[in-house]
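The sequence and the structure are shown first.

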Amino acid sequence: MRILVVEDDQTLNRQLTEALGGAGYVVDRAFDGEEGHFLGDTEPYDAVILDVGLPVMDGISVLERWRREGRRMPVLILTARDRWSDKVAGIDAGADDYVTKPFHVEEVLARVRALIRRAAGHASSEIHCGPLRLDMRASRVTLDGTPLKLTSHEYRLLDYLMHHQDQIVSRTELIEHLYDQDFDRDSNTIEVFVGRLRKKIGIDLIETVRGQGYRMRDADPGR
């Protein structure tokens with residue numbers, strides 16, 4: 001999953017980025033509203049953390065422009081504790097949730113997980129596909145109860161496919177959601193990671209749809 005953090009406080013931006021990266025997310029950063037708007041308008045993010053009090057262009061204006069332009073990614077706004085009006089304005093502008101400063105980073109991570117989960121239509125923080133279980137809180141995958149050892153890229157790929165079960169996901173879409181904007185993107189790496197995942201899973205849950213991409217679904221839904 002790929003996240004955009006738009007926060008002008010250098011220290012807080014770094015803390016959020018490191019925490020999200022440690023939780024398995026790919027993170028892009030922006031430090032003012034104009035840069036944040038550009039990234040959110042041109043890159044496909046699974047969620048955005050957006051500060052309200054940004055230089056150049058304030059967060060509410062950024063959010064309003066995204067929504068007018070048809071950008072539908074979940075947005076979590078960061079507001080000052082004593083500015084209740086910012087919370088109201090943010091929700092009215094199209095925010096999906098908010099956190100007041102100061103906050104615990106763990107709360108932000110939990111709210112981001114919830115936003116991504118709801119956007120994908122999942123009610124629980126655990127996603128199942130056949131004998132596979134993905135625990136978003138622990139960033140852990142098990143197969144028939146046995147933990148799987150996955151690299152960060154393998155986990156991100158499996159995470160995205162499991163969030164989009166029964167949907168055909170193109171290689172381009174996977175690349176856009178698995179790597180940050182500065183990564184040298186090569187579609188061949190996706191095939192390599194899919195091959196590795198299939199070997200570790202040992203069952204046919206990831207289907208290749210010729211000419212279109214991949215689809216993850218339970219080959220035996222009755223098990």
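## A strand residue and its surroundings

Ile3 is found in strand E1 (residues 2-6); helices (H or I, at least four residues) and strands (E, at least two) are DSSP runs, numbered from the N terminus. The model is predicted: local features need pLDDT of at least 70 and side-chain atom pairs count only at pLDDT 80 or more, whereas totals for chains, interfaces and linings use all residues. Residues are numbered from 1 along each chain as its sequence is written, and side-chain values use heavy atoms, with hydrogens and water left out.

Ile3 counts as buried because its relative accessibility is 0%; buried means under 20% relative accessible area, exposed over 50%, and partly exposed in between (1.4 Å probe, protein chains only). Leaving aside neighbours within four places in sequence, Ile3 is in contact with Leu20, Tyr25, Val26, Val27, Asp28, Tyr45, Ala47, Val112 and Ile116, where contact means heavy atoms within 4.5 Å. Ile3 and Leu178 lie 175 residues apart in sequence, and their C-alpha atoms are 10.0 Å apart in space.

## Parallel pairing around E3

E1 pairs with E3 in the parallel sense over four bridges; two strands are taken to pair if DSSP finds at least two bridges between them. Within this pairing, Ala47 of E3 is the bridge partner of Ile3. E3 (residues 47-51) is also joined by four bridges to strand E4 (residues 75-80), and these two strands run parallel. Here Asp51 stands opposite Leu78 in E4.

Strand E3 is mostly covered, with five of its five residues buried. In a regular strand the side chains alternate between the two faces of the sheet. Both faces of E3 are covered: Ala47, Ile49 and Asp51 are buried on one side, and Val48 and Leu50 on the other.

An open sheet of four strands has the order E6-E7-E8-E9 and antiparallel pairing. Strands E6 (126-129) and E9 (146-147) stand at its edges with a single partner strand each, so one side of each is left without a neighbour in the sheet. E6 is joined to strand E7 (residues 132-135) by four bridges, antiparallel, and Ile127 has Leu134 in E7 as its bridge partner.

Another open sheet is formed by three strands in the order E10-E12-E11, again with antiparallel pairing. Its edges are strand E10 (168-169) and strand E11 (206-209), each with a single partner strand, so one side of each has no neighbour in the sheet. E10 pairs with strand E12 (residues 213-216) over two antiparallel bridges, and Arg215 in E12 is the bridge partner of Ile168.

| Strand pair | Sense | Bridges | Bridge partners |
|---|---|---|---|
| E1 and E3 | parallel | four bridges | Ile3 and Ala47 |
| E6 and E7 | antiparallel | four bridges | Ile127 and Leu134 |
| E10 and E12 | antiparallel | two bridges | Ile168 and Arg215 |

## The chain as a whole

The secondary structure of the chain comes to eight helices and 12 strands. With 223 residues, a compact globule would have a radius of gyration near 17 Å, and the value of 18 Å for the chain agrees; this radius is taken over C-alpha atoms, and the globule rule is 2.2 Å times the number of residues to the power 0.38. Along the principal axes, the C-alpha atoms fill a box of roughly 50 × 30 × 30 Å. Of the 223 residues, 49% count as buried. Among contacts between residues at least 6 apart in sequence, 57% join residues at least 24 apart.
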